[in-house]
Every structure is written in C-alpha cells, then in structure tokens.
Amino acid sequence: RKRGKIDMAKKLVSVWLSLTILLFSSISIYADENVQGDFFIKNIVINGETIDNNHLQFPFFLYKDTTYFPLTPEMSEILGLKAEMDLESRTLKLLKKEPSLSNISDCRKKNEREDVLTQVFSDVKVYAYEIDRHSLEEIVEDGESADTTEDIQNPEGTIDDVVIAFPELIVKEIDLTELPVLTKENIIYLPLRAMTGEGGFGWSVYYDPFTGIYVSTNADVPAESYWNEAESKYNRGLVNYIRSYNASHTENKAQELVFLFKNAAKTYGIDEKILMAVAHRESTFNPRSGANGGAVGIMQVMPSTGARYGLSVEQLLDAETSINFGAMYLSERITAYGGDLTKGFSAYNQGSVKVNRGTYSTRYANRVISTIDNINSYLTSNGYGLGY
C-alpha cells in the first residue's frame, strides 16, 4: 500500500506541473545568433543502453567542447525528465522522474551525421525540480494532511478513498557555467554536464575519447561502470595504427577516422579492419589522396564509378563519403563471390568483369589480406586486443 501511495503522489506532482514539451508548442522560440555544433560521432551510452545518434532526428552534438543533448519527448523519457518552458519569463523547468524508456523506439536512419546548426537562446534560467522523498514518505506515513483526493484501486479490486497531500519539491537553479541554452526547430538543447552532481539532478557522466560518452541518471550507479574497457583498448590500437603510418593525423582526427570506419562497417556488414586495410593500401589514410590513374579519396574510388552513384569528385574527397562508398562497394563484391576475399578485393581493384573472366591478378588482394593480418598482429602484440 505504501508503495502505491508513493507512486500516486509522484503522479500527482507530475500532473500538477502541466508540462508542455516544446516539440508540440505552437509558439516559436525567438533565438539570437546562429552557432554550429559538431555531430557527436562516438558512442552514447545512457544507463547501459547504446543510443545510435544517427537514428535521432535531433542528435547529440559538441559545442565548445561540451556535449549537448536534446529535450525531445523520447529523449526526455530515456533520461527521466519532464520539461516546461515559459517563453514569456524565459524560464525552463525540469522535473526529475523515473526513466520510462531505455532506448529510442524508431531505429531508422534520420540524419547524415552532419554538423548541427543551432541558435543561442539567451537569458534562459533553468530550474531543476525534484520530489523531496523525505516529505513524500512522511505524507504517506501520516495519511491525514489533504491537498487532493484520488481513488486508487487495490489488488483486491475494491476502491479506497485515499487522501494524499502534495509532497514538497526541491527547487534549484541549474548553473550552466556560462554555456548557452541552444535551440533547433523549437527543440531545446542543454549541456549534459550541467545535469551532473548536486548542481543538477545528480547524474554522472564519464567520457572516454576512444569510445564515447557514458551517462547514468541513477545516483547510485556511476557512469564509468558502463564503460567498455576492451573496446576502448581496441579503438586506441586502431587509432595508433593509423597514426603510425600517417603521422599527419592528430589523435582526434585518427579517432574520427576509426569511428567512420566502424560506423560504415556496421551499416554494410563488413569488418572495419577490412576497410582500414584497403584505406591503408590505397591512400595511407589520406582523404585528399589522388592517383595517376585518376582514383581519388581515402578509398581511391574512380570518379566514373562514383558518378554512377551520383557522387562528385569533391564528395569522394570527403573521408566519410569515401569510406561509406568503399564499404558499400566492397561489401557487395565480397558477397557476390560468396565471401571470397581474394575475388572481392580483386573486383574492387580491377572490376568484376576481369574476375568473372578469370583474367585478374591476385597481387592487390594478397596485399590487402596481408595488411589485415598486419593490423591484427599490431593490435595483439601491443596489448590492445581485438575488442572482446
């Protein structure tokens, strides 16, 4: 009975706030200057669940080296928030509640991992509302003070007239540490770190540059407990492998390339080490590479081949476009030859016609296969492991 009363009291507080999510607001937000955020390409793990940023219409992004998250209805349910915006007073109220979703429901691709153009929403005050559990338990124990009355059906099927007073709310202004509130198409974005510790809702956040960001909305569970050490070592090894052959890449740039390879590999069902081996042999990981034969980009795609798929030369010189195209093209050819890497790589390099005729050379394929072995050897001999 006590548990049911506590749940009902929480429900009443939620209704009392009459929360309106901005996505459904008919009032436009008048924002100030435009600013651009960098799409967050790495992992996002919330309460142990990996959120695919590519499947979000309003994705997470980085601005001023800070991760921003969207206050969409679905993300609010995952994070355990309800939000109400008073546009007249420029006040954002956030109520902490139990998460009602563990992950996004629609797993279709909704963005192209492009940088996010947003607007600064100035002079906004953000307040955190949290139910004072001590006062809530006192009310349930007492059962006599009354602000409202609710009918609750107990497990036996009878209706009891239960009197529940509103519990107290702990209210505090969130210090954004001079970071702005941002908006995109009437969706508000907040800096993730503002929600951590006593100044926010007690969330914890752990960031690992080789895997991504980890969030725990449960004060009793540290975000670091969700960190995957094996994956972190593996990714670090891939980063260092790239830099060992192309010293012009900073660690940050090499990290970005690793995630581009891994995202493309996941999308097209191919091992990222295959993609890296081809990129190594073709361009030594140089996205702007050109060749005497006319091939361009990190995966050395012929402009005529790219044109058949609607891609310009300039697009093929973009690392992400080239890697995605290479992953698609390689995956198709390896699949066409029943998983035979030698034939698949040969078709990528010399064309399927020669492979089908049997007039192809295996020299290129052998070099790529040797490079895959070299990557595996580099990872294991240097203690990075293979990600598991």
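# Sheets and rings in a predicted chain

The chain holds twelve helices and 16 strands, where helices (H or I, at least four residues) and strands (E, at least two) are DSSP runs numbered from the N terminus.

Student: Hi! What kind of model is this, and how are residues numbered?

Tutor: This is a predicted model, where local features need pLDDT of at least 70, side-chain atom pairs count only at pLDDT 80 or more, and totals for chains, interfaces and linings use all residues. Residues are numbered from 1 along each chain as its sequence is written, and side-chain values use heavy atoms, with hydrogens and water left out.

Student: How much of the chain is buried?

Tutor: Buried residues account for 47% of the 388 residues. Buried means under 20% relative accessible area, exposed means over 50%, and partly exposed is in between (1.4 Å probe, protein chains only).

Student: And what about the accessible surface?

Tutor: That comes to about 19100 Å², and 46% of it belongs to carbon and sulfur atoms. The areas come from the Shrake-Rupley method with a 1.4 Å probe, and for residues only the protein chains shown count as cover.

Student: Okay, sheets now. What is the strand order in the sheet with S16?

Tutor: The order is S3-S2-S16-S15, in an open sheet of four strands with mixed pairing. Two strands pair if DSSP finds at least two bridges between them. Strand S3 (49-51) and strand S15 (204-208) are the edge strands, each pairing on one side only.

Student: How many bridges join S2 to S16?

Tutor: Four bridges join strand S2 (residues 43-46) to strand S16 (residues 212-216), and the two run parallel. In that pairing, Ile 46 stands opposite Val 215.

Student: Which strands make up the sheet with S6 in it?

Tutor: Its order is S6-S7-S9-S12, an open sheet of four strands with mixed pairing. Strand S6 (81-86) and strand S12 (169-173) stand at the edges with a single partner strand each, so one side of each has no neighbour in the sheet.

Student: How do S7 and S9 pair?

Tutor: Strand S7 (residues 91-96) and strand S9 (residues 125-131) pair in the parallel sense over five bridges. Lys 93 stands opposite Tyr 127 in S9.

Student: Switching topic: how many aromatic pairs are there?

Tutor: The count comes to 15 aromatic pairs. Rings of Phe, Tyr and Trp (its six-membered ring) pair if their centres lie within 6.5 Å; planes under 30 degrees apart count as stacked, over 60 as edge-to-face and the rest as tilted.

Student: Why is the pair of Tyr 309 and Phe 325 called edge-to-face?

Tutor: Their ring centres are 5.1 Å apart and their planes stand at 80 degrees, so the pair is edge-to-face. Tyr 309 sits in the loop between helix H7 (303-308) and helix H8 (313-316), while Phe 325 is in helix H9 (residues 319-336), 16 residues apart.

Student: Are those two buried or exposed?

Tutor: Tyr 309 is partly exposed, at a relative accessible area of 39%, whereas Phe 325 is buried, at 5%.

Student: What does Phe 325 do with Tyr 329?

Tutor: Phe 325 and Tyr 329 form a stacked aromatic pair, 5.5 Å centre to centre with 20 degrees between the planes. They are four residues apart in helix H9, so about one helical turn separates them. Tyr 329 counts as buried, at 10% relative accessibility.

Student: Which residue lies over the face of Tyr 329?

Tutor: Arg 333 does, at 3.5 Å from the ring centre. A charge sits over a ring if NZ of Lys or CZ of Arg is within 6 Å of the ring centre and within 35 degrees of the ring normal.
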